[in-house]
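Reader: Could you take me on a close look at the open sheet in this model, and then at what lies around it? I'd be glad of one connected walk-through.

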Amino acid sequence: MKVAIVGAGISGLAVAHRLQRAGVPATLFEKSALPGGRVSTVSQDGFTWDSGATSIAPRGKSIEEVLLTEMPSEGLVRIEKPIYVHEALRVSSGEISHSHSPRFTYSNGITEFAKRLGIGADIRLNSQVEDIKANQSSYTILGEEFDHVVLTLPLPQTAQLLWTLDENRPLSNVSYRQCLSVLLGFADAPAPLPYHAIIDPEQVHPMGWLSVESEKSPNRAPEGASAMVMQLSPRFSKDNFDRSDEFIISTALSFTRHLFGESFAHAQVALVKRWKYSQPENLARFEAVNQPGSRILIASDGLLGGRIEEAFECGYRVGELLLNA
Ligand SMILES: Cc1cc2nc3c(=O)[nH]c(=O)nc-3n(C[C@H](O)[C@H](O)[C@H](O)COP(=O)(O)OP(=O)(O)OC[C@H]3O[C@@H](n4cnc5c(N)ncnc54)[C@H](O)[C@@H]3O)c2cc1C
């Protein structure tokens, strides 16, 4: 059985990992220079930020065994401080439900999880798949033939690849939120904080989420400095997605100044990451999209839920469908 997986985010890597456990090799095609997709880490001038997903909360799913038992624990960080909430930037501990799940990252960045998951896999980096050709009993991708193909892109992009095959699946109702993430490196650190992140549970304020990376894990900022990631709310991100970096950064800095004082009105490093597809607003049904016997399968966070552990779970389920085929 020759299996191609398009996309080396967590869904695609989980499919490959599940197959690898059963001794079945697979080839992953990834358009970027690194695996991980929305599990991504950026480093600059001594600062390190998780620029997409900011932590892994296994919640008892298949990812837990792989993350906590199978993989080496070196560099794995259990985030000890909770998540607080804010209402119009007034911060409080809020309800325990926002912080009760154990959360993890790696000291050198969350993307380490993707790197470890991909060990031993055949990953073709810088390989963007623009079309797939259907032959009588196989498929051709970038000049290679495969018996089975798994598509793992955000569902609107998966739908576009399916069109090149004249295939249709019930994906059209799924849309994704846009997210503006601002990566900030400050020369100062706030006084020790009782939280590692703050969320606006209602998502009415433009600051939807703030993660203090240097509270989350060691080594994220030089001595005495601090690193933060601010995710602007879905509404603000949609309305301002194409505005200049200067505008987006100055908006973010007005909030850090309000929260932590004058030293946080200016950043030593400030970068904007625009996520066109951050998390799904609604889901397609796994069973409706992946019919038994189909040689084109789909694994994505748009099927079971817009989180790392759900993307992983979906990849495992698709891996099992292939092994049963
Ligand atoms: C800002 C943000 C915050 C988030 N916060 C959290 C959080 O706190 N907790 C949590 O659990 N989850 C969070 N998530 C969601 C989580 O990151 C995703 O649910 C998960 O990583 C999705 O994995 P995936 O493999 O399904 O998709 P992706 O990670 O999108 O992987 C798809 C891969 O396909 C590649 N690709 C795309 N097109 C092509 C092509 N044509 N050819 C080849 N390769 C292609 C992409 O480069 C990518 O690597 C967040 C996401 C974002 C963006």
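Author: Happy to! In this predicted model, seven strands form an open sheet with mixed pairing, in the order E7-E6-E15-E16-E17-E14-E18. Its edges are strand E7 (90–92) and strand E18 (269–275), each of which pairs on one side only. From one strand to the next, the twist averages 20 degrees.

Within the sheet, have a look at strand E15 (residues 197–199) and strand E16 (residues 207–212): they run antiparallel and are joined by three bridges. Ile199 has Trp209 in E16 as its bridge partner.

Helix H7 (residues 245–260) lies across E14, E16, strand E17 (226–232) and E18, and runs at about 65 degrees to E14.

E14 also leads us to the ligand. Of the 36 residues around the ligand, Gly7, Gly9, Gly37, Ala53 and Arg307 come nearest. The elements that give two or more residues to this shell are H1, strand E14 (179–186) and H10, and H1 provides the largest share, three residues. By class, the shell has 13 nonpolar, 18 polar and five charged residues.

H1 and H10 also pack against each other. Helix H1 (residues 10–21) and helix H10 (residues 308–324) meet at an angle of about 40 degrees, with their axes 7 Å apart; the two helices are therefore oblique to each other. The crossing of H1 past H10 is right-handed. Among the residues in this contact are Ile10, Leu13 and Arg18 in H1, and Phe312, Tyr316 and Glu320 in H10. The contact divides into twelve nonpolar, four polar and two charged residues.

Definitions and conventions
Residues are numbered from 1 along each chain as its sequence is written. This is a predicted model: local features need pLDDT of at least 70, side-chain atom pairs count only at pLDDT 80 or more; totals for chains, interfaces and linings use all residues. Axes are lines fitted to C-alpha atoms, for helices over the stretch in contact, and angles run from 0 to 180 degrees between N-to-C directions. Helices (H or I, at least four residues) and strands (E, at least two) are DSSP runs, numbered from the N terminus. Angles under 35 degrees count as roughly parallel, over 145 as roughly antiparallel, 65 to 115 as roughly perpendicular and the rest as oblique. A crossing is left-handed if the near helix is turned anticlockwise from the far one by less than a right angle, and right-handed if clockwise. Two residues are in contact if their C-beta atoms, placed from the backbone, lie within 7 Å. Ala, Val, Leu, Ile, Met, Phe, Trp, Tyr, Cys and Pro count as nonpolar, Asp, Glu, Lys and Arg as charged, and the others, Gly among them, as polar. A residue is near a molecule or strand if its C-beta atom, placed from the backbone, lies within 6 Å of it. Two strands pair if DSSP finds at least two bridges between them.
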